[in-house]
Amino acid sequence: RLRGYFQSWRYFEHSASLIRGQMNSLRNPSAWYQEQSDLISHGENWVGLHVRRGDYLHPETREVHGIVGSDYYQQALRIVCATHGDMEIKVFSDDVESARKLLANFDRPMQFIQPSPDSSPLENVLLLSKSNAIVAANSSFSWWAAWLGHRPDRTVVVPKRWFITKPFVEKDLFLPTWIAI
């Protein structure tokens with residue numbers, strides 16, 4: 001068992017397909033996850049947008065990570081739409097009400113994913129990883145969803161400033177194909 005953030009693709013460069021396969025092999029998926037997976041696999045192309053709030057709102061955590069604002073999400077969605085055209089937007093968040101408020105002025109319809117109480121965080125990461133494009137927050141949840149769903153035709157947009165404070169080294173944080181804004 002490993003414990004940590006491990007947010008560098010270089011850690012897994014030589015075993016990426018093995019790790020992706022293992023993480024995608026849920027032993028006892030919840031009914032909610034199975035239902036959502038079926039809906040997604042039979043649906044249209046969609047962009048997964050992740051809004052991280054929760055503990056990021058606490059002053060100590062906010063000093064390290066900061067909060068990604070609506071300007072970032074607007075710009076990221078413009079990039080995704082320019083590449084893929086209009087796609088359905090599914091919003092994942094640890095605080096759905098805050099996400100609704102943050103994105104309230106957007107002129108596009110959005111579906112807010114409300115996980116079931118019996119679902120696991122990994123199930124939510126795996127659902128987000130199935131998106132055709134992803135707009136990530138500066139969070140390990142977003143990072144893992146983007147990394148797990150990696151494929152050549154997928155657009156991943158990430159915030160350039162992952163951390164507000166240093167000494168965190170961000171050199172190998174993003175895959176070379178990810179777009180940092």
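Predicted model: local features only at pLDDT ≥ 70, side-chain atom pairs only at ≥ 80, totals over all residues.
Helices α6 and α7 approach each other in the model. Helix α6 covers residues 121-129 and helix α7 covers residues 140-148; their axes come within 8 Å and cross at roughly 50°. Because of this angle, α6 is oblique to α7. The crossing of the two helices is right-handed. On the α6 side, the contact is made by Pro121, Asn124, Val125, Leu126, Leu128 and Ser129, which meet Phe141, Trp144, Ala145 and Leu148 of α7. Of the residues in this contact, 8 are nonpolar and 2 are polar, and no charged residue takes part.

Aromatic rings were also examined across the whole structure, and 11 aromatic pairs were found. One of them consists of Phe12 and Trp147, whose ring centres are 5.3 Å apart. The planes of these two rings lie at 55° to each other, and the pair is classed as tilted. Phe12 belongs to the segment before α1 (16-23), while Trp147 is in helix α7. The two residues are 135 residues apart, and their pairing links distant parts of the chain.

A polar atom of the Thr61 side chain lies 3.4 Å from the backbone oxygen of Asp55. When residues up to four places away in sequence are left out, Thr61 touches Asp55, Tyr56 and Gly66.

Key
Residues numbered from 1 in each chain as written. Heavy atoms only, no water. Polar contact = N/O pair within 3.5 Å; in protein donor to acceptor, adjacent residues only side chain to side chain. Contact = heavy atoms within 4.5 Å. Axes fitted to C-alpha atoms, helices over the stretch in contact; angles between N-to-C directions. Helix = DSSP H or I, 4+ residues; strand = E, 2+ residues; numbered from the N terminus. Parallel < 35°, antiparallel > 145°, perpendicular 65-115°, else oblique. Left-handed = near helix turned anticlockwise from the far one by under 90°. Nonpolar A, V, L, I, M, F, W, Y, C, P; charged D, E, K, R; others polar. Phe/Tyr/Trp six-rings, centres within 6.5 Å; stacked < 30°, edge-to-face > 60°.
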